[in-house]
Amino acid sequence: MTELHDLIAAFAAIGATADGGVCRLTATPLDKDARDLFLREIAGRDLLPRIDAIGNMFGVAVLAPASKEIVITGSHLDSQPTGGRYDGVYGVLAGLLAVQAVRDRALASPGKARRNLAVANWTNEEGARFQPSLTGSSVFAGSLLLQQAYACDDGDGVTLGDALAAIGYRGASPLTFEPLRYVELHVEQGDHLEREAADIGAVSGAWMTRKISVMFEGDVSHTGPTPMGRRRDALRAAARAIEALYSEVELANVGVHASAAKISVFPNSPNVVAGRVRVWFEVRHEDEAVVLTLGDRFLARIKQEASAIGVDISIAADERRAAPTLDPAGLELVRGVASDLGMKTLTLKTVTGHDALAIQKRIPSSLIFVPSKDGLSHNPREFTAPEALDKGYEVLVETLWRMVTAEG
Ligand SMILES: [Zn+2]
């Protein structure tokens with residue numbers, strides 16, 4: 001599929017970095033260049049361009065004029081500062097060509113298509129410049145208010161709403177069809193497919209995340225005069241807790257991913273023993289029970305260890321993000337298509353966030369992975385072989401064809 005590879009190369013040139021990667025942050029002039037090129041590709045293929053208020057872009061193929069329904073495929077054109085050439089872009093460009101291919105097939109078999117089809121570029125999937133991530137798809141799904149999305153700040157005083165207006169992508173032509181299903185093709189951000197020598201990953205859902213933030217309370221005291229035995233050092237207890245998390249993960253030995261990645265220290269002065277420290281911990285695994293059990297065991301352990309050195313702990317936040325499930329019927333369809341095409345398929349869960357997970361809150365959504373070399377992403381060395389990209393594209397085309405032609 002030379003056309004797909006050429007398109008990926010053309011988009012990789014926009015925001016290309018010297019090390020072979022891509023830096024194309026949301027609503028920057030480089031994002032505008034990529035959007036402009038995508039818009040030209042949409043128009044050049046006789047698809048109807050649509051841009052909604054949060055800058056989500058669509059290229060619509062009207063396959064069944066009497067139907068209000070539409071199936072959507074797509075991904076995102078924005079990147080991380082140290083992005084690669086495939087994350088997001090692959091799903092948008094393969095989606096663009098797949099919509100064209102399905103339309104050609106529909107034209108060759110009049111009356112077969114029962115609904116319409118569109119390719120989408122969702123705004124600010126990465127969340128590198130504006131947080132939260134998955135912004136455009138969350139507004140589309142109705143789980144994030146448009147005004148809240150506009151108000152997201154980039155840390156330099158620019159809001160997403162203003163930045164979109166500045167590049168001319170605060171649109172006024174939303175999709176007027178009734179969204180029925182969503183399918184996203186993406187490179188796996190992990191190495192499961194490569195290790196299993198599988199062609200296609202059919203994604204059933206995402207990992208569960210437990211975000212625990214713990215407050216350690218001791219006493220502030222002067223480093224010089226305070227005897228060691230009289231100290232209640234909150235930072236010392238926090239240090240033990242950070243190590244305890246890694247130790248619990250190692251003991252459990254079931255593939256949990258965890259971190260302690262943010263800390264605040266009071267008074268944060270070089271010669272004052274810390275009186276109050278807050279640490280943000282995360283525990284992730286595909287099995288909810290594993291996450292809950294490990295989190296509870298960790299909390300019990302650090303409470304005991306902190307009290308042994310005179311520090312009290314309290315839980316400032318304990319947020320459990322349940323493992324979202326993607327559409328089971330879509331999963332079966334993708335697995336069936338890949339098998340019909342003679343490809344080896346692995347059913348797996350995604351560790352990372354994707355627009356499909358946000359859109360699942362509104363309509364049944366599916367996520368298809370292709371292998372990524374060494375599991376690298378958000379990295380200039382991110383790489384998927386051309387033949388592997390083509391296999392994903394073939395599965396996408398057939399999946400979309402079955403979705404637009406399915407009865408009922
Ligand atoms: Zn992505």
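Q: Which element gives the largest share of the lining of the largest cavity?
A: Helix 10 does, with three residues. Bear in mind that this is a predicted model.

Q: OK, and which elements each supply at least two residues of that lining?
A: Strand 6 (200–206), helix 10 (328–340) and strand 14 (365–370).

Q: Can you name the residues, and how do they divide into nonpolar, polar and charged?
A: The lining is made up of Ala202, Val203, Asp327, Gly330, Leu331, Val334, Ser366 and Leu367. Five of the lining residues are nonpolar, two are polar and one is charged. Asp327 is the charged one, going by the residue classes.

Q: How much space lies in there?
A: About 30 Å³ in the largest cavity.

Q: And how many cavities of 30 Å³ or more does the count come to?
A: The count comes to one.

Q: Switching to the metal. What are the protein donors of the zinc ion?
A: His76 through NE2, Asp87 through OD and His186 through NE2. Those donors lie 1.9 to 2.2 Å from the zinc ion.

Q: What spacing do the donors follow along the chain?
A: H-x10-D-x98-H.

Q: Where do His76 and Asp87 lie, then?
A: Both lie in the loop between strand 3 (69–75) and helix 3 (89–108), so the pair ties together parts that are 11 residues apart in sequence.

Q: Are those two buried or exposed?
A: His76 and Asp87 are both buried, which here means under 20% relative accessible area.

Note on methods
Residues are numbered from 1 along each chain as its sequence is written. This is a predicted model: local features need pLDDT of at least 70, side-chain atom pairs count only at pLDDT 80 or more; totals for chains, interfaces and linings use all residues. Side-chain values use heavy atoms; hydrogens and water are left out. Donors are N, O and S atoms within 2.8 Å of the metal (3.2 Å for Na, K and Ca); water is not among the atoms, so sites may look incomplete. Helices (H or I, at least four residues) and strands (E, at least two) are DSSP runs, numbered from the N terminus. Buried means under 20% relative accessible area, exposed over 50%, partly exposed in between (1.4 Å probe, protein chains only). On a 1 Å grid over the protein atoms alone, a cavity is a set of points where a 1.4 Å probe fits but cannot get out, and a pocket is an open set with protein on both sides within 12 Å along at least five of seven lines; lining residues have an atom within 4 Å of a point. Grid points are joined across faces, edges and corners, and a volume is the space filled by probe spheres set on the points.
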